[in-house]
Amino acid sequence: MAVAHCNFGLRGQESDADEAFVREFAAGLGLECFVEHFDTRAFASANGVSIEMAARELRYRWFSKLCDVYGFDGVCVAHNANDNAETLILNLLRGTGLRGISGMAEVSRNPYGEHRIYRPMLSASRRDVQAYAAKYGLQWREDSTNMVNDCKRNIIRNSVFPLFESINPSFVETLNRDMENFRNGEDGLAAQMLSCSFNGATIRQAQELMDSDNFQAGKRFYSPSHVLVTTADGYEIYPLQQSGRGMEDISISREEWSPDMDPRVPRGTTLADAAKIGGEVQLRPWEAGDYLVPIGMKGKKKVSDILCERKYDLVRKQSAMVLVSSLNPGHHVLAVVGEVTDRSVAIDGTTREIYRIIKNQ
């Protein structure tokens with residue numbers, strides 16, 4: 001067991017004081033303390049996401065790396081029953097389906113790796129946690145930004161929940177009990193996806209997306225024969241020929257490779273080193289925020305910029321696909337199919353197997 005602390009550098013001296021507090025607390029328990037500093041604002045700007053989304057991606061990617069390097073089974077986070085109730089209300093306000101009204105799970109997969117996220121305090125309310133800390137003389141620090149109503153979650157926490165409590169003092173427990181009941185009715189998703197030939201990694205990704213704070217309608221998950229599309233009401237599964245996304249025009253094969261073979265290919269064909277990909281190879285439509293580091297370049301390039309440079313019109317942009325690995329389904333993609341390949345999967349003298357992806361023009 002160890003402690004992991006993220007310093008996002010968003011609150012100046014207050015952030016540094018939080019870090020000092022955590023280091024001292026861990027030392028008092030004889031636990032190793034891992035600390036990482038992030039330039040959160042720069043990351044958010046470079047990737048076109050909010051500060052909240054940037055901080056989430058940075059911390060969960062780092063958690064996954066710690067687990068890989070040091071052999072941890074997963075990470076425990078401190079989400080409590082109030083957090084879960086806030087998530088439910090947020091989902092309801094934006095429109096959601098069964099997954100969205102089921103709240104967070106006590107155990108889920110890290111969205112940026114294969115390790116687990118555990119929420120051992122999910123059944124305890126914020127008041128329970130504070131009462132426990134007071135009873136045993138435990139100290140804690142408050143994030144001052146939690147009291148500023150500059151985002152929807154804070155407005156719900158500071159303005160809406162006090163009103164709910166005046167109506168029903170046990171509303172947090174009631175909402176969490178309702179979410180548990182909804183979760184018990186979710187098994188149909190996995191069963192439907194299995195019947196349509198979706199692999200296990202894709203099923204987990206779909207379930208995790210619909211179980212997370214970052215649920216979005218319009219996300220797509222593919223099997224050889226079907227596509228699952230998330231909607232405001234949950235999801236729909238269609239045969240590929242009805243999807244309108246051109247998956248049927250792409251073929252993938254895994255082939256042996258030798259150093260004397262020529263890696264140059266015509267436009268429309270993508271080659272990727274199979275060993276460097278790791279996990280299961282997957283295709284999905286490109287998304288805002290997707291990027292790669294093209295072979296021969298050092299810096300990142302947005303997929304949207306690549307498509308503009310290649311003079312994709314609106315219809316072609318909608319059908320453009322990217323290559324990703326099941327072990328890293330985030331925005332760092334491995335290729336824009338038929339156009340550009342990321343240098344991390346480039347063919348070299350060590351390559352022995354490749355994926356050949358051909359897109360009919």
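User: Is Phe 34 buried or exposed in this model?
Analyst: Happy to start there. This is a predicted model, where local features need pLDDT of at least 70, side-chain atom pairs count only at pLDDT 80 or more, and totals for chains, interfaces and linings use all residues. Residues are numbered from 1 along each chain as its sequence is written, and side-chain values use heavy atoms, with hydrogens and water left out. Buried means under 20% relative accessible area, exposed over 50% and partly exposed in between, with a 1.4 Å probe and protein chains only; with a relative accessible area of 9%, Phe 34 is buried.

User: What kind of aromatic pair do Phe 34 and Tyr 70 form?
Analyst: Rings of Phe, Tyr and Trp (its six-membered ring) pair if their centres lie within 6.5 Å; planes under 30 degrees apart count as stacked, over 60 as edge-to-face and the rest as tilted. The structure holds 12 such pairs. Here the centres are 4.6 Å apart and the planes stand at 45°, so the pair of Phe 34 and Tyr 70 is tilted.

User: How many residues apart are Phe 34 and Tyr 70?
Analyst: Helices (H or I, at least four residues) and strands (E, at least two) are DSSP runs, numbered from the N terminus. Phe 34 sits in strand E2 (residues 33-37) and Tyr 70 in helix H3 (residues 51-70), so this pair links distant parts of the chain, 36 residues apart.

User: Which parts hold Phe 38 and Trp 62?
Analyst: These two rings make an edge-to-face pair, 6.3 Å centre to centre with 80° between the planes, and both residues are buried. The pair ties together parts that are 24 residues apart in sequence, because Phe 38 lies in the loop between E2 and helix H2 (40-47) and Trp 62 in helix H3.

User: Where does helix H6 bend?
Analyst: The bend at a residue is the angle between axes fitted to the seven residues ending there and the seven starting there. In H6 a proline, Pro 162, follows the bend within four residues. The bend is about 40°, at Val 160.

User: What is the strand order of the open sheet of 3 strands?
Analyst: Two strands pair if DSSP finds at least two bridges between them. E10 and strand E17 (residues 353-359) run antiparallel and are joined by 5 bridges, with Thr 270 opposite Ile 357 in E17. Strands E9 (250-256) and E10 (269-273) each have a single partner strand, so they stand at the edges. The order is E9-E17-E10.
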